[in-house]
Each structure stands twice: as C-alpha cells, then as structure tokens.
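Let's walk through this one together, starting at the metal site and then moving on to the charged pairs. Have the viewer open as you read.

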Amino acid sequence: MFFSSITFVVTLKPEPSSMSFINKSVLLFLITNLVILTSFAQKSIKLSPDKQAIISSVDKHSAELIALSDSIWKYAEPALHEYRSSKILMDYAGQQGFNVQRGVSGMPTAFIASYGAGRPVIGILGEYDALPGMSQKVSSKEEVLKEGAAGHACGHNLFSPGSLGAAIAIKELIQQGKIKGTVRFYGTPAEESIGGKIYMARDGLFNDLDACFDWHPDYQTKADLDGSLSMVDFTVEFSGISAHASSNPWDGKSALDAAQLFADGVEMLREHIRPTARMHYVFSDGGDVPNVVPAHAAVWMWIRDRKQADVEKIYERVQKIAEGAALMADVKYKITLNVGDYEMLVNRTGNMALNSNLQLLGPITYTPQEISFAKEIQRSMGIDTTGIKGVPLPFKETVDDPETGSTDVADVSWCTPDISLIVTTTPDNVPGHSWAVTSSCGLSIGHKGMLYAAKAMAMTMLDLYQQPELLAAVRKEFTEKKGDCVFKAMLPDGPPPVPQK
Ligand SMILES: [Zn+2]
C-alpha cells in the first residue's frame, strides 16, 4: 500500500530537528482517524446488521485483496496470458471455501468460483488482463517500469480482487445462514482482445444467473447507466497475382488495388450511416516491396453503433463493398469475423438499488498526500489540477453522454440482468488506457476504490438476495428490454484462439 491514511504518518521519518513536522503528523493522524470514526458512526446508524457485516468482511480481507491486486499489477499479463494472475485468484477463492472450476470455455485462464446452493444465483465478474506496451511505475510522471512490457492501464488488477471481495462477503452471509442461495465469481480473461466473456456467453455460462454485477475503475463514482456500443471486428483479405512491377505489371493482379478500392467504398458509405455509427480501419497488409505487384493485402476494420442490429446492417453493406472491390481489381477476397460485442443492456432498476447503497456508503476519502499526488499526475498530463473526488455522482434520469467504447460485459447483459458500477481509482479526468491509470491503480488511490467497489456491489447483491420483489423487478426490466431478441455471440466458429504457452 503506497499511501495509507494511517501508516503513511507513522512510517515517515521526520527530520530530528523538525518538531513542528511531528506535531503536524500527530494532528493529521488524529484528524484522519476522527473523520474515519465519525463517518463510521454515521454509517452504523443507517446500515442494517447484514450490510455492516459486509463492510466488516471487506475490511477484514482488505490486506489480502490489496496484495492480490498488487501482484496482478506486477505480473501485468496481457490477454490470454493471465496464468499467474488467474492462479492467485483461483487459489484464494479456493482457500475461502469456493468451489473452483478452472479453465472454462476452452480458456485456461477463465474460471468460475461458486459457493452455496439453490436460488437466487447471483454472479459477479472479474477481469485481470493488462494492456500491451503500457508498463509504468507508480509515479506521478510518465516513467516506464519495463520497456515494451504490458501494464494495467485499464485497472483490471483492481477489478478482479474487488469483485472477489464482494463475493466473499456474500459467501460469509450464506455460510452464517443469513441469506440463502448461490454466489458465483466469474474469472473472465482477455477483455482487451478477444473478449473472454463472449466465449463464456456463447457456452451459456451466464444463462442460469438471476442477475450479475460488474464494476470498472474510473475517475468517477456512480451507478453506471452510460451503456456501451455494439461493435464488430473483422479482417478483409485480398489475394491477387504478383508480377514485376516494372517489367511485366500487365501480368499482375494487385491485391493492394482492391484494398484501396475497398477503403474508398467505405469512405463513400460514411456519408450514409447514422451519426452514432463509427467505422475505423487500418491497412494491416499492403504487400511487401514497391517493385512487386502485391499478391496479398488486408484491411482490419471495426464498425460500431448503439445497437447490434444497426452494426449488423452496416457490416452487410461493407461486405458488399469488399466483394465489389475484389471484382474491380479481379482478385479474390475473404472476410474473417474476429469478434463482436453487443451493446450494454442497461438495467435501470438494478442501478437504482446500487445508487442507494452508494449514498449509504458516502464518498471515498483521501489523505492530503493522495490529493497532492493526484494533482501531480494531472500536472504531468497537462490537465486541470482538480485532484481526486470519490463522491458518488447523483443518479441521472437520462444519459446525455452515452459511452463510446465497447466491452464484452455487454454480452453478459443479454444473458442475465447486469448491474454496472464505476468507482474512482484515478485523479479527475485522467484518460483511460493511459500511463496515469497504470500508476494510480498500483497505489492506495486505486486500492481504496477497489475496496469501496467490493462493499457497494456486495450490499446491492444482498438487496437482491433479501428482497425477492426487487429481484423480480430487475428481471422484469431485463425481459422487457431484451424483447424477442435471441443473443447470438458474434464469434468465429471454433475454440478461442489461445496461444501456445
Ligand atoms: Zn477495462
């Protein structure tokens, strides 16, 4: 733990002559603890004994959860390579009495840890993959920890231990006979690449859940109604005939010509798609050398929009463009679906229950050292030095700024109602997938958010176990929103592309 409200003051070595520093330290120590005690007293008035037990459980396990997150941060294993990260999570879940099913859906790093019996069955998701090239020290400046290595620039080192902490708190209540049912933690690899949850959803692993939870590190704290975009990721390959580009170009058929014509067609289409849609691509192969007519070329492309049905329509148009481009250049073409996400099916009822628990918990509090560290990060990034605020944002009736990214959590939300939380783990307005996230998620700012998320989610899970009418309302909204849509995972046939170890 890098900055702790209590240990920081005790372990700092003041200058021998600096009595004022000692006095300030003692004062700070007293104030910090007074704030903690006061807020604890306020909470204990409002919280039910079972919710109080959840808070105590997360606090009791906090050192172990922090150690797990710090280890996963250090391992920084990218998608489908999360062997050590998933192992320590599986081992810890096993030690806590969970029944652990290792290596589900053809992925050695995917697992399910469950406890209890019968209904309701409430799930919670955990991610642990790092982002390639995002290695960074715990520092307020951009400083690479290991050149070329991955780093937790999306905070997934916090995601999984936080969720497991919530599952453990619920498990303890089941164990004590306070609630009945089953709790299931899903270890879900490769969110940043192939989308491990999509393979798990294809296998029906979420279908028997009554509801599910997830959270994500962020610079804000709120019940997350923002949703996410549906997306399809595919590759268009063209193959022609090579020839000397100067001696006999008339004998060649250029795959690159087709790729360029394809891109032109996509640009023409851009005029005729909705403003909510996005199309982005790169030329992943454009031949080898200029003096050979390229026999092979490829374009890697993503299409996004607010609804999967609309993404599907654009995808159909783009496939025709590929066909037309191949016809014009007289070459062959092949389209390979890599992966696709649905849009998030937001569950407002569940989010309202979550919001009530955020209000019960109140804000995350930070030490002056943590706030000044946050401002240092912002200064280094050239953004406003407003610090860090762990105050839960008001519940919004409408979403004016829908999320523009995509996630495989959304695919789970079509199999069972999913309730999403975001919690402050970085300074204000720090962009995602940046060095500052890697840094913040490796120190106490991140740890505090993780423990807070564990408490908020477990308290809301408890509401669903204890209030059948609330769970029924959550499920009613899910069923109505899903309508007659049948979820079909957007994946190529066959097992997930797990690399050889
Ligand atoms: Zn993420």
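**The zinc site and the salt bridges**

Along the chain, the donors of the zinc ion follow the spacing C-x1-H-x59-H. Donors here are N, O and S atoms within 2.8 Å of the metal (3.2 Å for Na, K and Ca), and water is not among the atoms, so sites may look incomplete. Spelled out, the zinc ion is held by Cys-154 through SG and by His-156 and His-216 through NE2, at 2.1 to 2.3 Å. His-156 sits in helix α6 (residues 156-175) and His-216 in strand β5 (residues 211-218), so this pair ties together parts that are 60 residues apart in sequence. Helices (H or I, at least four residues) and strands (E, at least two) are DSSP runs, numbered from the N terminus.

A word on what you're looking at: this is a predicted model, where local features need pLDDT of at least 70 and side-chain atom pairs count only at pLDDT 80 or more, while totals for chains, interfaces and linings use all residues. Residues are numbered from 1 along each chain as its sequence is written, and side-chain values use heavy atoms, with hydrogens and water left out.

The cut-offs are under 20% relative accessible area for buried, over 50% for exposed and partly exposed in between (1.4 Å probe, protein chains only).

Now for the charges. Side chains of opposite charge can pair when their charged atoms come close. Searching the whole structure turns up 20 salt bridges, each being a side-chain nitrogen of Lys or Arg within 4 Å of a carboxyl oxygen of Asp or Glu.

Take Asp-408 and Lys-197, whose closest N and O atoms are 2.5 Å apart. Asp-408 lies in the loop between α11 (368-381) and α12 (409-412), and Lys-197 in helix α7 (residues 196-202), so the bridge ties together parts that are 211 residues apart in sequence. Both of these residues, Asp-408 and Lys-197, are buried.

Lys-222 and Asp-226 also meet in a salt bridge, at 3.0 Å from N to O. Lys-222 is buried at 11% relative accessible area, and Asp-226 is buried too, at 16%.

Glu-480 is exposed at 53%, and Lys-476 is exposed at 52%.

Finally, look for Lys-87, Asp-91 and Arg-102, which are linked in a network of salt bridges.
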